[in-house]
Amino acid sequence: MSVEAATTESETVRRILTGTGDTWAVVGLSSNRSRAAYGVAAVLQRFGKRVVPVHPKAETVHGEQGYASLADIPFPVDVVDVFVNSEQAGRIADEAVGVGAKAVWFQLGVVDEEAYARTREAGLDMVMDRCPAIEIPRLG
């Protein structure tokens, strides 16, 4: 990654974490405490984000009502945080565009270059293969 690309990505990370909005739909978040999504969602809450679980079970997690899909959420979401495998991530990114999200965040290990390009072309901020629970404390 070039210095320019790294700087642009760092600016995007900062913008999403500090200015995009505080309602985060976390796709793949369930009540399973051993999954990474559970811990990351707790960190997001500690930093003032509203975490909305999105999982087929539609469980309440961290005190927030869950929904089976992004389309089922009856209020706007700012960021869609994606904890699904890379093969499913593009579909979720497209759904995020469809529901009017402002940004999409693919977690560590979630990579789909085509979805990244489509999401950016649609005007959304996008971060791929990074973790907000690692990045947010770095902002100070």
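**Walking through the fold**

Student: What share of contacts between residues at least 6 apart in sequence join residues at least 24 apart?
Tutor: In this protein that share is 56%. Contact means heavy atoms within 4.5 Å.

Student: What kind of model is it, and how are residues numbered?
Tutor: This is a predicted model, where local features need pLDDT of at least 70, side-chain atom pairs count only at pLDDT 80 or more, and totals for chains, interfaces and linings use all residues. Residues are numbered from 1 along each chain as its sequence is written, and side-chain values use heavy atoms, with hydrogens and water left out.

Student: How many helices and strands are there?
Tutor: The protein has five helices and five strands. Their order from the N terminus is α-β-α-β-β-α-β-α-β-α. Both kinds of element are DSSP runs numbered from the N terminus: helices are H or I with at least four residues, strands are E with at least two.

Student: What radius of gyration does the protein have?
Tutor: The value is 14 Å, which agrees with the radius near 14 Å that a compact globule of 140 residues would have. The radius is taken over C-alpha atoms, and the globule rule is 2.2 Å times the number of residues to the power 0.38. Along its principal axes, the C-alpha trace spans about 40 × 30 × 25 Å.

Student: What percentage of the residues is buried?
Tutor: Buried residues are 49% of the 140. Buried means under 20% relative accessible area, exposed over 50%, and partly exposed in between, with a 1.4 Å probe and protein chains only.

Student: Ok, helix 2. Which of its residues are buried?
Tutor: Helix 2 covers residues 36-46, and its buried residues are Ala-37, Tyr-38, Val-40, Ala-41, Ala-42, Val-43 and Leu-44.

Student: What do they pack against?
Tutor: The buried residues of helix 2 pack against strand 1 (23-27), strand 2 (50-54), strand 3 (79-82) and helix 5 (132-138).

Student: And which residue with a positive phi follows helix 2?
Tutor: That is Gly-48, with phi near 90°. Gly-48 is also among the contacts of Asp-22, leaving aside neighbours within four places in sequence; the others are Lys-49, Arg-50 and Asp-78.

Student: Where is Asp-22?
Tutor: Asp-22 sits in the loop between helix 1 (3-18) and strand 1. Its relative accessible area is 42%, so Asp-22 is partly exposed. The C-alpha atoms of Asp-22 and Val-77 are 8.3 Å apart, though 55 residues separate them along the chain.

Student: Changing topic. How many salt bridges are there?
Tutor: The structure holds ten salt bridges. A salt bridge is a side-chain nitrogen of Lys or Arg within 4 Å of a carboxyl oxygen of Asp or Glu.

Student: What does Arg-50 pair with?
Tutor: Arg-50 forms a salt bridge with Glu-64, at 3.3 Å from N to O. Arg-50 lies in strand 2 and Glu-64 in the loop between strand 2 and strand 3, so the pair ties together parts that are 14 residues apart in sequence.

Student: What does Arg-118 meet in a salt bridge?
Tutor: Arg-118 meets Asp-94, with 2.9 Å from N to O. Arg-118 is in helix 4 (residues 113-121) and Asp-94 in helix 3 (residues 86-98), so this pair ties together parts that are 24 residues apart in sequence. Arg-118 is partly exposed at 35%, and Asp-94 is partly exposed at 37%.

Student: Which residues are linked in a network of salt bridges?
Tutor: The network links Glu-9, Arg-130, Glu-135 and Arg-138. Arg-130 and Glu-135 meet at 3.1 Å, N to O. Arg-130 counts as buried at 16% relative accessibility, and Glu-135 counts as buried at 8%.

Student: Back to phi. Where is Ala-58, and what is its phi?
Tutor: Ala-58 is in the loop between strand 2 and strand 3. Its phi is near 50°, a positive value in a residue other than glycine.

Student: And Asp-129? Where is that found?
Tutor: Asp-129 is in the loop between strand 5 (125-127) and helix 5. Its phi is near 65°, a positive value in a residue other than glycine.
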